[in-house]
Amino acid sequence: MTAREYDLIVIGGGPVGENVADRATQGGLSVVVVESELVGGECSYWACIPSKAMLRAGAAVEAARRVKGAAETVTGAVDVARTLVRRDELVHNWDDTSQVEWLQGAGIDLVRGHGRLTGERQVTVTDADGTEKVLVARHAVVVSTGSAALLPDIPGLREVEPWTSREATGVRDVPASLAVLGGGTVGSEMATLYTTFGSTVTLIARSGLLRGVEPFAGETVEKALTGAGATVRTGVEVERVSRDDDGEVVLSLSDGSHVRAAQVLVATGRVPRTEDLGLETVGLEPGSWLDVDDTLRVRGVEWLYAVGDVNHRALLTHQGKYQGRAAGDVIAARATAAEVDDAPWGRHVATADHSAVPQVIFTDPEIAAVGHSEKSAREAGLRVRVIDYDLYWIAGASEVADDYQGQARAIVDEERRVLVGATFVGQDVGEMLHAATIAIVGEVPIERLWHAVPSYPTISEVWLRWLEEYGR
């Protein structure tokens with residue numbers, strides 16, 4: 001079998017792998033992408049894009065209901081059928097033609113099939129009919145295969161054929177009732193979505209909602225879900241799952257109670273898609289997360305890189321794309337013997353993964369957070385001051401909605417007098433997050449932030465209120 005040679009092989013053609021390939025190609029390398037499903041990956045077809053498209057309809061309706069003059073025009077609930085049509089349009093009906101055309105236009109080759117490491121810098125690709133192709137990389141191989149939903153080891157769970165996020169975002173027939181296992185981002189967003197779709201939703205979260213952000217954020221979302229008609233069960237675990245004679249899923253909980261639903265969605269975490277990648281050929285454990293340095297190179301294997309979810313640094317599409325840009329650039333630099341800028345915040349590293357990761361959770365209300373929470377800042381040994389502000393008192397908030405409800409928290413490093421964390425809770429706060437991200441990454445001194453004047457009347461005036469609370 002004749003091997004085809006490239007400078008770089010990228011296993012996984014999602015947005016992260018595309019970014020690696022694009023940057024390396026711009027750096028003068030020949031690149032091939034290996035993809036077993038759809039070019040564009042999880043985010044484009046089963047995660048970010050469809051979920052946010054579906055959530056937007058409910059958010060828009062609720063936004064109108066919160067403004068006198070608009071509220072009176074809202075005469076019904078979300079049109080689920082039309083919402084799903086819009087979803088289908090935004091995912092191009094699960095057709096990746098446009099993404100393939102983009103690869104071609106960028107000068108990147110595509111090989112469809114399942115790629116496995118079969119030797120040093122060697123990847124064997126098996127296509128749908130079993131035909132194998134051997135690819136050899138002159139310089140590097142990148143693993144960018146993402147993650148999959150974790151199915152916990154609960155008796156009976158697999159037998160009831162639960163949904164994961166893929167089934168939830170690709171739904172055709174909305175169930176009358178839905179039990180959601182897990183109170184993280186996916187669980188909270190999908191509970192929000194299916195409540196707006198009219199399903200009877202029960203969210204089961206052993207340790208509460210959204211533990212990765214400030215506690216008040218999860219508490220606010222829990223209150224909102226309950227107010228919208230969902231049931232939130234915390235402090236309990238699912239001990240077993242079955243289907244009754246009527247086809248309903250029955251979840252038996254640790255407190256002796258039961259939850260019944262037409263369908264169950266599992267959103268209890270993620271596992272890396274590295275089980276069948278041939279990691280054993282380079283001395284790594286199949287199915288494991290891949291440990292990388294800040295240039296995204298797998299420790300101990302000089303030619304292997306891992307970007308996106310598989311390295312477990314920050315399981316967010318935008319953060320994976322950021323890593324992809326750094327990895328593509330550094331691979332090209334090393335291949336051409338150019339200078340490598342791997343100092344913190346350099347061109348060839350993903351420094352932001354450690355302390356400046358932004359995230360928006362599209363519940364109602366939205367949660368937007370970047371950098372440290374109060375807990376993580378103190379655990380990192382920082383001497384911080386916490387500034388909270390009720391967004392109800394911002395003039396711009398009262399323009400957005402009658403009786404606007406929200407909160408904003410700033411975390412200031414007292415020794416350096418710079419912002420190290422920010423959390424916003426409220427309608428439309430996602431669009432406010434990037435200003436906080438810039439302030440944190442740029443380490444903008446508090447004294448200089450006084451000169452960054454927020455426009456009036458906007459919710460961004462909270463920056464001025466934070467500064468007034470902090471004092472000069």
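The buried residues of helix H1 are Pro15, Val16, Gly17, Glu18, Asn19, Val20, Ala21, Ala24 and Thr25 (buried: under 20% relative accessible area, exposed over 50%, partly exposed in between; 1.4 Å probe, protein chains only). The model is predicted; local features need pLDDT of at least 70 and side-chain atom pairs pLDDT 80 or more, whereas totals for chains, interfaces and linings use all residues. Residues are numbered from 1 along each chain as its sequence is written, and side-chain values use heavy atoms, without hydrogens and water.

Helices (H or I, at least four residues) and strands (E, at least two) are DSSP runs, numbered from the N terminus. H1 is mostly covered, with nine of its 12 residues buried. Its cover includes strands E1 (4–11), E2 (31–35) and E6 (132–143), together with helices H2 (41–45), H5 (97–105) and H9 (317–335). H1 runs over residues 15–26 and should span 16 Å at 1.5 Å a residue; its end C-alpha atoms are 16 Å apart, which agrees. The expected span is 1.5 Å times one less than the number of residues. Just after H1, Gly28 takes a positive phi of about 100°.

Five strands form an open sheet in the order E17-E18-E21-E20-E19, with antiparallel pairing (strands pair if DSSP finds at least two bridges between them). E17 (358–361) and E19 (384–390) stand at the edges with a single partner strand each, so one side of each has no neighbour in the sheet. The twist averages 10° from one strand to the next (axes are lines fitted to C-alpha atoms, for helices over the stretch in contact; angles run from 0 to 180 degrees between N-to-C directions). E18 (residues 366–371) and E21 (residues 418–426) pair over six bridges in the antiparallel sense. Gly371 stands opposite Gly421 in E21.

Two helices pack on this sheet. H13 (residues 433–441) touches E17, E18 and E21, and its direction makes about 170° with that of E21. H15 (residues 462–470) touches E19, E20 (407–413) and E21, and its direction makes about 130° with that of E19. Contact means heavy atoms within 4.5 Å.

Aromatic rings of Phe, Tyr and Trp (its six-membered ring) pair if their centres lie within 6.5 Å; planes under 30 degrees apart count as stacked, over 60 as edge-to-face and the rest as tilted. The count comes to six aromatic pairs. The rings of Trp463 and Trp466 have centres 5.2 Å apart and planes at 70°, so this pair is edge-to-face. Both residues, Trp463 and Trp466, are buried. Ring pairs also link Trp163, Tyr194 and Phe197 into a cluster.
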